[in-house]
Amino acid sequence: DREGRKLKDNGHIVQSTNDILYLLDLYKAKATFFVVAEIYDWYPSLVQEIEARGHEIAFHTYDHPLPIKDNAELDNQIKISKKFLSRFKPKGFRAPLLNAKISFFPTLKKHFLYDSSLYHYQSFEMYGVKEIPVSTIPFIKRKPYLPKHLNLKLIAGEFPFGSGYCIGLFGKGISHLVRYEEKKGHSCVLFFHPWQIQPPPSEFMEKTFLLTHPKWIPYSLNIRETVIHLLKNFFIEGV
C-alpha cells in the first residue's frame, strides 16, 4: 500500500535528491526532474525545493505502474495526481520504463506540451505532442515506432547511450558519445535514477536477485562520479 511504500523508502528519496541538487548547484547546471506524484504526497517540501532551485518539474505518473497498461490506467494516474498537477503544472510527461503506446497521445495532448517516453536520435511531433526522446546513436535510420523502449529490437538498430542503464554500463565513456553528438550539432538527452548515485536500502537489488537477473547489474552500479564528470565537462540544462 501507499504507506508501506513510504516506510520502505525510509527517506532515501530525500537523501538522494538532495545529493543531486547539491551537485547541480555545484556545477551551475539545470535539469528536468520527472517526478512520481506520490513523492509529493510523501515529501512536499522536497519537490518544492526542486522548483525553488530553478529546475523543471515534469510528470512521471502517480505511483509508477510497470508499465501503464492502457488509456484507462493513464487517465486514472492523471486523475489521482490532481494535487501535484495543479501545484506544478508540468509541461512534460515520461512513462515508466519509457514504455508509451500510440493510444496515449490524445490524452497526453490534453495535459502536456511534450512527451519523453521513447528512445530516438532526433525530436519530432506525434499526434500534436512534441516528442523529446532519450538520445540514441542509430546504426540504421528508421522512423519512430511505439512502444520504443529498452529491448533487443531497439538495440538492433540504435545505441541508447542516454539511458541510465548505459550510463551505468559504460560510465565516463558515455562522455565520448555526447561529444560525438555535440560535434554534429545535436543536443543530448540523458537520464538516470536517484538510486544510481545514492544506493538505497540493501533489499533493493539484492545480490541474490542480481545473480538470477544479471541484466540488472548496470543499474546497481554507483554512477555518482560519472554524473560529476558529465557536469564538469558539458553544459547541462533540462529538456
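Helices (H or I, at least four residues) and strands (E, at least two) are DSSP runs, numbered from the N terminus. This is a predicted model, in which local features need pLDDT of at least 70 and side-chain atom pairs count only at pLDDT 80 or more, while totals for chains, interfaces and linings use all residues. Residues are numbered from 1 along each chain as its sequence is written, and side-chain values use heavy atoms, with hydrogens and water left out.

Q: Which residues of helix H5 are buried, and what puts them on the same side of H5?
A: Buried means under 20% relative accessible area, exposed over 50% and partly exposed in between, with a 1.4 Å probe and protein chains only. In helix H5, which spans residues 71–79, Glu73, Leu74, Gln77 and Ile78 are buried. They cover an arc of only 140° around the axis (the arc of the directions from the helix axis to the C-beta atoms), which puts them on the same side of H5. The exposed residues Ala72 and Lys79 are carried by the face of H5 turned away from the buried side.

Q: What covers the buried residues of H5?
A: With contact meaning heavy atoms within 4.5 Å, the cover includes strand E2 (56–59), helix H6 (82–88), strand E3 (92–93) and helix H7 (105–111).

Q: What makes the pair Lys83 and Asp41 a salt bridge?
A: A salt bridge is a side-chain nitrogen of Lys or Arg within 4 Å of a carboxyl oxygen of Asp or Glu. For Lys83 and Asp41 the closest N and O atoms are 3.3 Å apart, so the pair meets that limit. Lys83 lies in helix H6 and Asp41 in helix H3 (residues 37–42), so the pair ties together parts that are 42 residues apart in sequence. Lys83 has 53% relative accessibility and therefore counts as exposed, whereas Asp41, with a relative accessible area of 35%, is partly exposed.

Q: How do you know whether Glu158 and Lys148, which meet in a salt bridge, are buried or exposed?
A: Glu158 has a relative accessible area of 0% and is buried, and Lys148, at 0% relative accessibility, also counts as buried. Their side chains meet at 2.7 Å, N to O. Glu158 lies in strand E10 (residues 158–159) and Lys148 in the loop between strand E9 (137–138) and helix H8 (152–155), so the pair ties together parts that are ten residues apart in sequence.

Q: Why are Arg179 and Glu182 separated by about one helical turn?
A: Arg179 and Glu182 are three residues apart in helix H10 (residues 174–183), and therefore about one helical turn separates them. An α-helix has 3.6 residues a turn, so residues three or four places apart point the same way. The side chains of Arg179 and Glu182 meet in a salt bridge of 3.5 Å, N to O. Arg179 is partly exposed at 35% relative accessibility, and Glu182 is partly exposed at 34%. Elsewhere, salt bridges that share partners join Asp25, Glu49 and Arg53 into one network.

Q: How many salt bridges are there by this rule?
A: The count comes to ten salt bridges.

Q: Why are H2 and H4 called roughly parallel?
A: Axes are lines fitted to C-alpha atoms, for helices over the stretch in contact, and angles run from 0 to 180 degrees between N-to-C directions. Angles under 35 degrees count as roughly parallel, over 145 as roughly antiparallel, 65 to 115 as roughly perpendicular and the rest as oblique. The axes of H2 and helix H4 (residues 44–52) come within 11 Å and cross at roughly 10°, and H2 and H4 are therefore roughly parallel to each other. Where they meet, Ile13, Val14, Thr17, Asn18 and Leu21 in H2 face Leu46, Glu49 and Ile50 in H4 as contact partners.
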